[in-house]
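Opening the notebook on a new model today. I want the overall build first, then a few residues.

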Amino acid sequence: MNEKKNIFLNKNHLLRRKSSPKEYSTGQLLLIAVNILFLILYTLLSYFNRLPYEDYTFTWMAKHMGTIHAMKEVYIVYSARWSSLTFGFYFSRFYESTYFLMLFNLITLAVLVSSFYLLLKRLLNTIVYAAIENKILLSYSLLFTCCLFFSSYSIGQVWFWYMVNWMYLWSIIAGNFLFWILLQGKLKITQLPFILILTAYIAGADESYPIIYLLFIALLLFLKKKTVSQSASIILDRISIRWLVITLIFLSLFYMVTILAPGTWARKNMLTDATFAEHMIRTIRSYGKIILIKTPKLIPYLILFGLPWMLLGQEISSVSKIEVKKLLPRFLKSVFVIGALIFVLILPASWVLYELAPDRALSQVSLLLAIYASFIFFYTGYKVKIEKKFSQLIVSLGLVLSILILSFQIFNQYSIVNKFSDEYDKRIRYLLEENSSGRKNTVFLEPMPSSGMIYSDELPADTLGHAYLENVYGLKFHIAVKK
């Protein structure tokens, strides 16, 4: 089997015709422009991002109790997300720094793109045995991140909510690095601490995401003993069964720390108690909501930012091609597979919550959709017989449209988030000035303007909800927001 695989790889590598450097110059330049505009948009939003009022709860706890004691308190009383909360509590001490959230968001983006880059490089080198320039891989890693960004069910919640970032986005980052290590082939004992750290973070970041990772690792172990397609077999042969078992054990043990926490059960007791049939009905209803209502809005972005992958597929084109008409049956089958996988992804949270999880907890679904869109267009370029001039024209038009959309979003969001951040800062300054003047009676505040793509929550109506903000800034009076 290994001998056949080597023959396949060597033949594919030797017979593949390399594209001339100038062949895709227009597409590459347009792709670079898309990535630059995405970075400008993301940096702009990061600069004007502000701490949601809900996060002042955690900021106050970390300030007065310390990182570890604050995490223990939440672990016992409300939530067992011990790894994400520990990091969130620790870095929240810098909340007063002007550039704290901007740096946090930019570092998150840089680490996320790096994880995609390393994983993409290893996968392509493994499957198609293609040596692709690092700058091209980086460009496509940025494009994929852009696709994931716009396919998020709530961009503000997923990308710009400080505490939520630690729970979901960094869980995806940890998962990327974990599978990048596992795909290395023969692992060394020195890599064991990294697997230990990554599985610990994943298991303690959230209650539902670790279940998906556990299922995925279990599936890999199952497939290792089955006859699979050639491409899948090449990937699976890179992963050691022993290291998969070790990873599964680590992840399971750390997840027990989360599941058995008092805070987990305290939170569960606040949720709806229902029968098996009622849970199933609600889960199916949640599935219908995400498939029929929420996801169709994302399809244009998935197509636009997935389309350029066709160029990469053509650049490392397969020797054996298929007709376009043969692609449709495979595509239809894949749609049903993706639909089933989405159900699996939403099942844990929907079952427990008795409804569809909030948008911030659907980033794994967005990741799946971004992977699917990118793969479909990559596979089309790699395997399907299409006139190159025609495909280049379609991709170029898509890239130009992407440039126009990103340019519009930059100008549109600037006017919105600039006004929002200005009003937010004015509100804090006003409260501090009133506090310095010795004010004791309640301050009534005007509602905040729209925050655009960044996340913002208005102060709640009850005074208890204001308590943490008041305590963080040491206010001697209560605050309330006008209706």
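Below are my entries, from the whole chain down to single positions.

**Ground rules.** This is a predicted model, so I kept to its cut-offs: local features need pLDDT of at least 70, side-chain atom pairs count only at pLDDT 80 or more, and totals for chains, interfaces and linings use all residues. I number residues from 1 along each chain as its sequence is written, and side-chain values use heavy atoms, with hydrogens and water left out.

**Fold.** I looked up the secondary structure and got 21 helices and two strands. Those are DSSP runs (helices H or I, at least four residues; strands E, at least two), numbered from the N terminus.

**Size.** The C-alpha trace spans about 80 × 50 × 45 Å along its principal axes.

Of the 483 residues, 51% count as buried (under 20% relative accessible area; exposed is over 50%, partly exposed in between; 1.4 Å probe, protein chains only). Among contacts (heavy atoms within 4.5 Å) with a separation of 6 or more, 84% come from residues 24 or more positions apart.

**Surface and charge.** The protein exposes about 23,900 Å², and carbon and sulfur atoms supply 67% of that; areas are Shrake-Rupley with a 1.4 Å probe, and for residues only the protein chains shown count as cover. I also checked charges: the mean positions of the 48 positive and 27 negative ones are 13 Å apart. Lys and Arg count as positive, Asp and Glu as negative, with His and the chain ends not counted; each charge is placed at NZ of Lys, CZ of Arg, CG of Asp or CD of Glu.

**Glutamine 364.** I found glutamine 364 in helix α19 (residues 363-383). It is buried at 9% relative accessible area. Leaving out residues up to four places away in sequence, glutamine 364 touches Ile172, Tyr209, Ile212, Tyr213 and Leu345.

**Glycine 398.** Helix α20 (residues 388-436) holds glycine 398, which is buried at 8%. With the residues up to four places away not counted, glycine 398 touches Leu304 and Leu307.
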